[in-house]
Amino acid sequence: MTPTPPNRIPWPPLIYILAAAASVIADWLMPLPWVPSPLSDLLVAIGGLCIFAALAIDFSAMGKMRKAKTPIMPTHSAEHLVTNGAFSFSRNPIYLGNTLLMFGVALVYGSVWFIVFGLIAAYAVQKLAIEREERHLAQRFGKKYHDYAKRVRRWI
């Protein structure tokens, strides 16, 4: 019997795309003040590092999932429990990477809205995807998943 997938709608990618679009629109309609120079220059550099780290986390996690031959999309059932690589410090490294990407863009472009909508997106992903995925993984892998969940935090 094939296990039921955790979601029918691929919430996380949709949520982060909507959050980025909402950030751009909000910034256009109501730009908020940002940190003045020279501190803003430092924040741009930190933002660049955040973007690099976010992409590294995302691609590393996706690579581990591909290597384990388990689906990346949350609309498919997990075939294997991946616990190494980025999954050794976060049970949700792709979502962590996507949130970090939103924050990095905020720092590079000087937009408070990317921080605001990044936090909203992270909360929505937790409610619409992570909690469902955790139930799916607990049903699918039982003790193995519970032991992993005790060892590794949900986000970081």
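Predicted model: local features only at pLDDT ≥ 70, side-chain atom pairs only at ≥ 80, totals over all residues.
Trainee: How many helices and strands does the protein have?
Mentor: Elements are DSSP runs numbered from the N terminus, with helices being H or I of at least four residues and strands being E of at least two. From the N terminus on, the order is α-α-α-α-α. The count is 5 helices and 0 strands.

Trainee: What share of the 156 residues is buried?
Mentor: Buried means under 20% relative accessible area, exposed over 50%, and partly exposed in between, using a 1.4 Å probe and protein chains only. The C-alpha trace spans about 55 × 25 × 25 Å along its principal axes. Of the 156 residues, the buried share is 40%.

Trainee: Where in α4 is the kink centred?
Mentor: Helix α4 covers residues 112–141, and its 30 residues reach 40 Å from first C-alpha to last. That is close to the expected 44 Å, the expected span being 1.5 Å times one less than the number of residues. A bend is the angle between axes fitted to the seven residues ending at a residue and the seven starting there. The kink in α4 is about 45° and is centred on Gln-126.

Trainee: Which residue with positive phi follows α4?
Mentor: The phi in question is near 55°. The residue is Gly-142.

Trainee: Which element gives the largest share of the lining of the largest pocket?
Mentor: On a 1 Å grid over the protein atoms alone, a pocket is an open set of points where a 1.4 Å probe fits, with protein on both sides within 12 Å along at least five of seven lines; lining residues have an atom within 4 Å of a point. The largest pocket has a volume of about 690 Å³, taken as the space filled by probe spheres set on points joined across faces, edges and corners. Of its 36 lining residues, Met-65, Ile-72, Ile-94, Tyr-95 and Glu-133 are the closest to its centre. The largest share of the lining, 7 residues, comes from α3.

Trainee: Is Asp-58 buried or exposed?
Mentor: Asp-58 sits in helix α2. Contact means heavy atoms within 4.5 Å, and Asp-58 touches Pro-93, Ile-94, Gly-97 and Asn-98, not counting residues up to four places away in sequence. Because its relative accessible area is 8%, Asp-58 counts as buried.

Trainee: Which residues does Asn-98 contact, leaving aside neighbours within four places in sequence?
Mentor: Asn-98 belongs to helix α3, residues 93–109. With 18% relative accessibility, Asn-98 is buried. Its contacts are Tyr-16 and Asp-58.

Note on methods. Residues numbered from 1 in each chain as written. Heavy atoms only, no water.
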